[in-house]
Amino acid sequence: MASRLLHRLRHALTGDGPGEAAAGPEAEQFPESSELEDDDAEGLSSRLSGTLSFTSAEDDEDQDDEDDEEADHDPLPDGDRAAGEDAGPSCAHTERSPPPDGQRGSQLLTRQLQDFWKKSRNTLVPQRLLFEVTSANVVKDPPSKYVLYTLAVMGPGPPGRQPAQISRRYSDFERLHRNLQRQFRGPMAAISFPRKRLRRNFTTETIARRSRAFEQFLGHLQAVPELRQAPDLQDFFVLPELRRAQSLTCTGLYREALALWANAWQLQAQLGVPSGPDRPLLTLAGLAVCHQELEDPGEARACCEKALQLLGDKSPHPFLAPFLEAHVRLSWHLGLDKHQSEARLQALQEAGLTPTPPPSLKELLIKEVLD
């Protein structure tokens, strides 16, 4: 599997692989269909098993209508809950596949991909993200039953960086596809999407075909600049993680929230385009709060400094005073210089641009509404 992914990655960098968007009028033509026909299923599970592990719920062939495919069902809250399963108890029962082989395969894949990114970093070929379904789990949350696909998002970065991860279900992908079709009829006409099924949604063959199709679907979207910058695509990658991280932070589950904030920050960095006007700042606020509550003031201060660099001279931005106040307090705690931030905060207060004292970063997180 790792060799197959490396082969696809080389094609992505050189632009000569199948399904890759080339420069020119044919850039949005993707000859490879994302939906594999039923008679192509033979052997597909074994091809994917190198890094993809999945389970099927007793190959329930008589199960009709996968719950997350209903047109009037909004699955986002469930997707958020699944993304933070470790945060607390849930009535959902997840049939997970054994992790050791998959983890070893993923670690091997990560090392090989990072080495390949490093070797090709100085090339003039645009570097694109690579998507890989690493697990697919059947989740039973009565009366619902659905498949949760976990994807690794790999892109250029410093050596040793682990891939970011997202967990989504079929209806999340379908909603993204539907929204993009409404807004970008031309580019989306050439991009295939796996069709709905009324039966056999939980067989290993269907799960494997959809896993491969979702990898191709996201890769095709990333290959078209117009689609790559679409707000709906950014929301698909980042918004569920931000909502879950915000909820966990507000309820005091800082360690669980920290992992989600860090993953959301990495996703935004790899996507390379703004995921919303204030989402990077909100992510840094979440990281700073969690690091501070977990008694790591050095990391919390570093997050504040990143945020202040992003803000620059944007005054009066609602995030500015809370970050300045946190930076002053953390610098004092660590015995580091705080004069510049202190003077800037005082100037804002004297100009009546922020109350005294300003709201804390945690208060800002609680009040922020993520759309």
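1. A crossing is called left-handed if the near helix is turned anticlockwise from the far one by less than a right angle, and right-handed if clockwise. Helix 5 passes helix 7 in a left-handed crossing, where helices (H or I, at least four residues) and strands (E, at least two) are DSSP runs numbered from the N terminus. The residues making the contact (heavy atoms within 4.5 Å) are Tyr 170, Phe 173, Leu 176, His 177 and Leu 180 from helix 5, together with Arg 210, Phe 214, Phe 217, Leu 218 and Leu 221 from helix 7. By class this contact comprises eight nonpolar, one polar and one charged residues, with Ala, Val, Leu, Ile, Met, Phe, Trp, Tyr, Cys and Pro counted as nonpolar, Asp, Glu, Lys and Arg as charged, and the others, Gly among them, as polar.

2. The axes of helix 5 (residues 170-183) and helix 7 (residues 204-223) lie 12 Å apart, and the two helices pack at an angle of about 35°. Axes here are lines fitted to C-alpha atoms, for helices over the stretch in contact, and angles run from 0 to 180 degrees between N-to-C directions.

3. This is a predicted model, in which local features need pLDDT of at least 70 and side-chain atom pairs count only at pLDDT 80 or more, while totals for chains, interfaces and linings use all residues. Residues are numbered from 1 along each chain as its sequence is written, and side-chain values use heavy atoms, with hydrogens and water left out.

4. The average pLDDT (the predictor's confidence in each residue, from 0 to 100) is 74 for the protein, and 63% of the residues score at least 70. Over residues 12-108 pLDDT stays under 50, although the model has 203 contacts beyond four places in sequence for them. Where pLDDT is low, the predicted coordinates should not be read in detail.

5. The protein has 15 helices and five strands, and buried residues make up 52% of its 371 residues; buried means under 20% relative accessible area, exposed over 50%, and partly exposed in between (1.4 Å probe, protein chains only).

6. Ser 167, in strand 5 (residues 164-169), counts as buried because its relative accessibility is 13%. Beyond four places in sequence, Ser 167 is in contact with Leu 148, Tyr 149, Thr 150 and Glu 241.

7. Ser 315 lies in the loop between helix 12 (297-311) and helix 13 (320-334), and counts as partly exposed because its relative accessibility is 42%. Ser 315 touches Leu 320, Leu 348 and Leu 353, not counting residues up to four places away in sequence.
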